[in-house]
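Please keep the coordinates open while reading.

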Amino acid sequence: MPKVFIIGGTGHIGGAILDLLVGSRPEVEVQALARDEQKAAKVVAKYPRVRCVVGDFASLELIETTCRCADIVINAGPDITHDETLQAVVRGLQNREGGDVKSYFIHTSGAYLICDLQEPGGVKGEKVWDDIEDNEQLVSMPDTAVHRVTDKLVLSAAPHVNVAILSPAGVTGISPSVGHPLPITMPALFKCVRAFRSAFMIDEGANAVGMIHVRDFARMYMVLIDDALATLTGTNKTDSPPFPLWGEKAYYFASAVDTVYRRDWFAGLAPLLEKHGVVSSREVKSVTTAEVARRVLFGENYDPDAAAAPPPDSWATHIAHGLGANLRVRASRMRALGWEPEYMDFMETMDEVIPAYIEREKENGAK
Ligand SMILES: NC(=O)c1ccc[n+]([C@@H]2O[C@H](COP(=O)([O-])OP(=O)(O)OC[C@H]3O[C@@H](n4cnc5c(N)ncnc54)[C@H](OP(=O)(O)O)[C@@H]3O)[C@@H](O)[C@H]2O)c1
């Protein structure tokens, strides 16, 4: 039985992958990393055939040993600054026990790789990055590019491991995840909307991002998992794929739509925020990146006179910059492999996400 080990399987993205994998591939043995026994129990309660390995990214030996026994490893947890964890994954996969075929590593990165960190917020960006046309550039970015250090670490394992990177821009929708059913971006969005008392955009919101529903994103992993399973079981009949699915150039963007202008995004969100009682008008305020960063940090308690601007390398500035940046990415590789998105109406999606987030806040006693 082929063995798949998933890291980040309790997350928004990882939970959608786990759900699809367990539900549709009974021939696969699945292991999942869980940070504690309680989280492990939740995973097993929902998926009795999943075996949990309890540990975190600092459990290097555990991760290496588990990867050594796996045929396919998926990382759907964070990447940046976790070089040591990813090195442990690669070491384990390189030294896999048994099997004539190289093992597989599907890693989650992010489209921030192509973000121009100097770009002023809210301006229009002309370029749509394409993972076929721009492949050479994507796999040879300077180390200063966000995600590049860990992307390089993964891709450079290609001689010994079948590697592939999946790189999303904005991921939305409700996930079947046991731990994080709602998008990672929701807490900061709600904090800012409540602090501004309205929807907002940076400058004129002329910047744009690619977007994908988390369930469509999970189906991209399945394209790669199925190819790996077919090779591992000697049943792969794909003689001539349009490009090598694995290896040092296997960089896949994840988006269903490559260009969602922030102005349109927030104009669409405003009535939904009003409908669900988060704000009392449909106004979309024009604000600056620094104002957003301060609200991400201080929320409704923001005091314009007292609060220092968050440092440029802080999480708050990173989020604010993302809201004003251009992250237009096209998933040409996945489409060439036959993947098509099923979810295209992101406002319909947000009409589910917003009340679900409010409900979750109530459950968690956050408000
Ligand atoms: N979502 C997006 O829009 C987006 C866009 C670009 C890139 N990405 C990349 O995709 C990754 C996953 O995104 P997501 O939205 O699924 O995030 P998420 O919902 O926060 O899930 C993160 C997962 O990683 C696990 N994790 C975090 N830190 C860990 C640690 N130190 N040790 C062990 N496990 C740890 C979490 O475990 P717990 O359940 O225990 O917290 C959870 O399973 C992001 O970190 C980012 O690198 C996401």
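How many helices and strands does the chain have? The chain has 13 helices and 14 strands, where helices (H or I, at least four residues) and strands (E, at least two) are DSSP runs numbered from the N terminus.

## Basis of the model

This is a predicted model, in which local features need pLDDT of at least 70 and side-chain atom pairs count only at pLDDT 80 or more, whereas totals for chains, interfaces and linings use all residues. Residues are numbered from 1 along each chain as its sequence is written.

## Overall dimensions

Along the principal axes, the C-alpha atoms fill a box of roughly 65 × 45 × 35 Å.

## Ligand shell

The ligand is surrounded by 24 residues, of which the closest are G11, D56, G77, G110 and H180; a residue is counted as near if its C-beta atom, placed from the backbone, lies within 6 Å. Both α1 (12-24) and β8 (170-172) supply at least two residues of this shell, and the largest share, three residues, comes from α1.

By class, the shell holds eight nonpolar, 12 polar and four charged residues, with Ala, Val, Leu, Ile, Met, Phe, Trp, Tyr, Cys and Pro counted as nonpolar, Asp, Glu, Lys and Arg as charged, and the others, Gly among them, as polar.

## Helices α3 and α4

The axes of α3 (residues 60-68) and α4 (residues 83-94) come within 7 Å and cross at roughly 30°; axes are lines fitted to C-alpha atoms, for helices over the stretch in contact, and angles run from 0 to 180 degrees between N-to-C directions. That angle makes α3 roughly parallel to α4, a term used for angles under 35 degrees.

On the α3 side, L60, I63, E64, T65, T66, C67 and R68 meet E84, T85, A88, V89, R91, G92 and L93 of α4, contact meaning C-beta atoms, placed from the backbone, within 7 Å. This contact comprises six nonpolar, four polar and four charged residues.

## Helices α7 and α10

Helix α7 (residues 186-196) packs on α10 (residues 289-298) at an angle of about 105°, with the axes 8 Å apart, and α7 is therefore roughly perpendicular to α10, the range for that term being 65 to 115 degrees. A188, K191, C192, A195 and F196 of α7 make the contact with V292, R295 and V296 of α10, and these residues divide into six nonpolar, no polar and two charged.

## Helices α9 and α13

Helices α9 (residues 262-275) and α13 (residues 346-364) pack at about 35°, their axes 10 Å apart. The contact joins G268, L269, L272 and L273 of α9 to M347, M350, D351 and I354 of α13, with six nonpolar, one polar and one charged residues by class.

Methods: Angles under 35 degrees count as roughly parallel, over 145 as roughly antiparallel, 65 to 115 as roughly perpendicular and the rest as oblique. Two residues are in contact if their C-beta atoms, placed from the backbone, lie within 7 Å.
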